[in-house]
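Trainee: I am new to this structure and would like to learn how to read its features one by one. Could you take me through them with care?

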Amino acid sequence: MSRRKIIAGNWKMNKTPSEAKALAELLKPLVDNPDVDVVYCVPAIDLLPVAEVIKGTNVMLGAENVSDQDAGAYTGEISADMLVDAGVKFVIIGHSERRQYYREDDAFLNQKVLKALEKGLTPILCCGETLEQREAGVTLDWIRLQLKSDLQGVTKEQAASMVIAYEPIWAIGTGKTATSDQAEEVCGAIRKLIAEIYDTDTAEKIRIQYGGSMKPSNCRELLAKPDIDGGLIGGAALKADFADIVNYNK
Ligand code: PGA
């Protein structure tokens, strides 16, 4: 079966609301590719201004985080209901920066995945190894552990709708991209793992992105691989380069 490619920008902690509006306006005429799903995952404060700019276009809105709780006394948190009401469709969960700097562990991330799915958001669930882990030859064991924990209690129908982003930590923001063969090896292994946890139908449906210094010069080779269904793009999502990646097939 052919899966629809999904190209998502992860803006991280960049762009004030007015800058975010300007970037969305700049990209607006450039990202109109009917063949791919296009998502901007933006800081919470930028969601509403960006939603306004992308209204009526093919671009969908994503958040960079979501609370594991429904509502109430959780100062500083943003709930799935709030995101849904703001027009958000996707949410990044388990990015390595949140795992590392904010100590989000797999048990907690599992709660976020379940909450997002319950409320109708599509998780973009991130996983990936450090350079030390790659050199020690434990990449696939590590990713297996992450995903098996993060997907506890997720049904196969829910899993089929999800996006998994394979992001080797050593390739994020470093300019060092995994080779297309390295990326395909892990994305293929993730698909096999999904088949093992669920079944081959679910594994055929789930979309797996590569993330880590993806840019116009390397996106075509990566996106040509059979198990790479898209990209999660950081640095290159903050400029017109993003449109070149969206239009990789033209
Ligand atoms: P990068 O970031 O494209 O800047 O490497 C990717 C990510 O962290 O999602």
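Trainee: What does the accessible surface of the chain come to, and what part of it belongs to carbon and sulfur atoms?

Mentor: Keep in mind that this is a predicted model, and that the accessible surface of its chain comes to about 11,100 Å², with 53% of that area belonging to carbon and sulfur atoms. Of the 250 residues of the chain, 53% count as buried.

Trainee: How many positive and negative side chains does the chain have?

Mentor: There are 29 positive and 37 negative side chains, and the centres of these two sets lie 3 Å apart.

Trainee: Why does the radius of gyration agree with a compact globule?

Mentor: A compact globule with 250 residues would have a radius near 18 Å, and because the chain has 17 Å, the two values agree. The C-alpha trace spans about 45 × 45 × 35 Å along its principal axes, and the secondary structure of the chain comes to 12 helices and eight strands.

Trainee: Which residues do ring pairs link into a cluster?

Mentor: A pair of aromatic rings is described by the distance of the centres and the angle of the planes. In the whole structure, a search finds three aromatic pairs, and ring pairs link Trp11, Tyr40 and Phe242 into a cluster.

Trainee: Where does Phe108 lie, and why does Phe108 count as partly exposed?

Mentor: Phe108 is part of helix H5, which covers residues 106-118, and it counts as partly exposed because its relative accessibility is 29%, a value between the cut-offs of 20% and 50%. The C-alpha atom of Phe108 is separated by 8.3 Å from that of Asp150, although these two residues are 42 residues apart along the chain.

Trainee: Is Arg103 buried or exposed, and is Ser213 buried or exposed?

Mentor: Arg103 counts as exposed because its relative accessibility is 69%, whereas Ser213 is buried, with a relative accessible area of 17%.

Note on methods. Residues are numbered from 1 along each chain as its sequence is written. This is a predicted model: local features need pLDDT of at least 70, side-chain atom pairs count only at pLDDT 80 or more; totals for chains, interfaces and linings use all residues. Side-chain values use heavy atoms; hydrogens and water are left out. Helices (H or I, at least four residues) and strands (E, at least two) are DSSP runs, numbered from the N terminus. The radius of gyration is taken over C-alpha atoms; the globule rule is 2.2 Å times the number of residues to the power 0.38. Buried means under 20% relative accessible area, exposed over 50%, partly exposed in between (1.4 Å probe, protein chains only). Accessible areas come from the Shrake-Rupley method with a 1.4 Å probe; for residues, only the protein chains shown count as cover. Lys and Arg count as positive and Asp and Glu as negative; His and the chain ends are not counted. The place of a charge is taken as NZ of Lys, CZ of Arg, CG of Asp or CD of Glu. Rings of Phe, Tyr and Trp (its six-membered ring) pair if their centres lie within 6.5 Å; planes under 30 degrees apart count as stacked, over 60 as edge-to-face and the rest as tilted.
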